[in-house]
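Let's take a friendly walk through a protein chain together. Keep the sequence and the 3D view side by side, and look up each stop as we reach it.

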Amino acid sequence: MKRFLTILGCFAAAALIVFGMPYLTNGAEEDANARIEEKQRSLLAQKVTDVLKEPHEVCRIYDSGRLIGVISSEKSLNAFLKTVYQENYAESFPGTDVHLSDDIYLTREQNYFRYENIDEKIFEYLKSRNLFTIGTTAVEFSDENDVYAQIYVASPELYEQAMETYLSYFVDGEELKQLRSGQGTPALRTYGSRTVGVQINQKIEIKDDYAPADEIMTSVEEVLEYIEYSGHEDKEYYTVQKYDTVAGVGSKNDGLSATQVMNINRDKISGTDQVLSEGEQLCVTYFDPIFDITVTRERMKKEEIYPETVYAEDETLREGKTQLLTKGVSGWKNSLYSEKWINGVLVSGSLVSSVDTLQAIDEVIGVGTMVIPGIGTGTYRWPIENVIISCGWGCYYGHEAIDIQNAYSKWDKIYAADRGTVIENSYNWISGNYVVIDHGDGYTTYYGHMIARSPIPVGAVVDKGDYIGDIGMTGRATGPHVHFYIAHEGVKLNPCNGFLDCTALH
């Protein structure tokens with residue numbers, strides 16, 4: 001039994017009857033029954049059949065503090081529970097047993113009365129109200145304060161299987177195996193990433209327990225759903241529109257990444273480049289897990305070293321005239337970053353080391369004065385650092401630009417992609433605060449969703465790499481990013497088509 005309260009002693013009234021009288025008449029027997037019934041009414045009618053000269057042990061059974069009755073023996077109750085298990089639970093919960101529910105408890109006491117046997121009535125009472133618990137596995141989740149959640153699962157293996165599936169969303173299976181073995185993942189020798197650490201931020205304890213059958217999770221899917229959403233059932237869904245991509249769906253819904261959209265729709269999406277079917281329903285409520293998984297990764301990137309522009313005075317050129325003396329050539333460096341991901345979301349990143357593999361050659365321009373020319377170089381740099389493309393050209397219908405983010409600093413600075421003159425510094429309901437730079441060679445560049453109006457006034461000449469504002473999400477935006485495109489004589493052009501290297505930035 002889950003708990004027994006042993007009460008030693010006897011009823012004073014019973015002792016008085018036994019020691020005061022050698023035997024009971026029918027009238028005395030009726031009087032004893034009346035006094036017992038008055039003192040402690042049971043839920044089921046049960047008579048006293050005899051009063052003994054010597055006390056014996058009786059076992060009372062209670063439901064939420066109210067007496068159900070006196071059972072003939074615990075052996076009889078145990079046999080009944082075994083029968084209940086075999087008839088009702090053995091198939092669904094093999095290898096365990098049945099106990100009484102938490103509200104049912106037994107007491108043992110020394111008593112001078114013998115009671116009629118109503119075991120069958122007591123057992124029927126328990127069965128009709130399903131007052132049983134099943135031997136099962138409890139999983140407790142706790143933090144530095146206390147236990148904040150608990151679930152029951154049919155077996156430890158069931159929970160572990162669900163946990164492994166959830167971990168697979170964020171960590172490659174082979175990497176997880178290497179980390180668990182203690183040998184770690186191989187050091188990076190080329191561009192890419194590796195997992196160097198996995199940590200569950202809360203404490204999880206698995207132990208044996210008892211629970212009602214309807215509170216026990218019996219499938220991996222049920223346990224996994226609880227891990228993913230903490231038991232919350234309210235989710236939002238999006239209907240796929242024509243031309244939608246996985247990244248486009250995420251961009252339209254709180255700025256989810258393509259990987260996040262894939263993870264929460266793994267039953268429908270197996271890759272971030274998968275073609276979606278118009279009218280398909282996709283979940284767009286990201287995980288609200290019962291615990292947090294922190295994954296630490298190292299990432300090796302090939303990064304461009306932008307050449308600086310050096311202006312050399314040339315007395316042979318009149319003021320305002322320029323002449324290219326040395327063409328600037330970009331260099332390259334290998335940069336190693338440490339990244340922190342929580343539940344599949346990148347939350348921070350920092351530079352660990354950087355090695356130049358090719359030095360940049362500075363561009364040298366002879367000028368009549370030190371005035372910066374308004375004519376562009378014809379080559380472009382990224383407007384932000386640590387670039388990732390959250391929504392590419394055409395990631396949803398009508399999207400004629402690329403949405404770029406700073407992977408490690410969401411509200412960082414924006415820079416001019418090339419030299420030129422600011423011709424627009426304004427606001428509209430779609431792009432929010434935006435800037436347009438005319439590069440004087442038929443090309444313009446567009447920077448949207450700035451956090452505030454750019455401090456650079458219209459008519460000002462900016463150099464390539466000059467600060468022009470900060471990343472924001474003003475206008476129609478679901479997350480901080482820059483809406484960026486290049487235009488030639490008014491025609492919008494994809495920056496990834498021959499202007500900038502977009503390889504591996506999605």
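The buried residues of helix H6 (residues 173-181) are covered by, among others, helix H5 (156-168) and strand E8 (192-200). Here a contact means heavy atoms within 4.5 Å, while helices (H or I, at least four residues) and strands (E, at least two) are DSSP runs, numbered from the N terminus. This is a predicted model, in which local features need pLDDT of at least 70 and side-chain atom pairs count only at pLDDT 80 or more, while totals for chains, interfaces and linings use all residues. Residues are numbered from 1 along each chain as its sequence is written, and side-chain values use heavy atoms, with hydrogens and water left out.

Which residues of H6 are buried? They are Glu175, Leu176 and Gln178. These residues sit on the same side of H6, because they cover an arc of only 160 degrees around the axis. That arc is taken from the directions from the helix axis to the C-beta atoms. "Buried" stands for under 20% relative accessible area, "exposed" for over 50%, and "partly exposed" for anything in between (1.4 Å probe, protein chains only). On the face turned away from the buried side of H6, you will find the exposed residues Gly173, Lys177 and Arg180.

Now try helix H4 (residues 119-128), whose buried residues are Asp119, Ile122, Phe123, Tyr125 and Leu126. Their arc around the axis is only 155 degrees, which puts them on the same side of H4. Glu120 and Lys121, on the other side of H4, are exposed. The cover over the buried residues of H4 includes strand E2 (48-63), strand E3 (66-71), helix H3 (74-89), strand E4 (98-100), strand E5 (104-115) and strand E6 (132-142).

Most residues other than glycine have a negative phi, and most peptide bonds are trans. Ser64 has a phi near 55 degrees and lies in the loop between E2 and E3. With 53% relative accessibility, Ser64 counts as exposed. Glu489 has a phi near 50 degrees, and its place is the loop between strand E27 (482-488) and strand E28 (491-493). Glu489 is exposed too, because its relative accessible area is 67%.

Next, look for charged partners. Side chains of opposite charge can pair when their charged atoms come close. How many salt bridges does a search of the whole structure find? The search finds ten, where a salt bridge is a side-chain nitrogen of Lys or Arg within 4 Å of a carboxyl oxygen of Asp or Glu. In one of them, the side chains of Glu109 and Arg60 meet at 3.0 Å, N to O. Glu109 belongs to strand E5 and Arg60 to strand E2, so this pair ties together parts that are 49 residues apart in sequence.

Another salt bridge joins the side chains of Glu363 and Arg419 (3.3 Å, N to O). This pair links distant parts of the chain: Glu363 is in strand E18 (residues 363-367), and Arg419 is in the loop between strand E21 (413-415) and strand E22 (420-428), 56 residues apart. Glu363 counts as buried at 10% relative accessibility, as does Arg419 at 4%. In the salt bridge between Asp244 and Lys252 (3.1 Å, N to O), Asp244 is buried, with a relative accessible area of 6%, whereas Lys252 counts as partly exposed at 34% relative accessibility.

Finally, how far does the predictor trust its own model? The chain averages a pLDDT of 89, and 91% of the residues score at least 70; pLDDT is the predictor's confidence in each residue, from 0 to 100. Over residues 1-26, the pLDDT is below 50, and this stretch has 57 contacts in the model beyond near neighbours in sequence.
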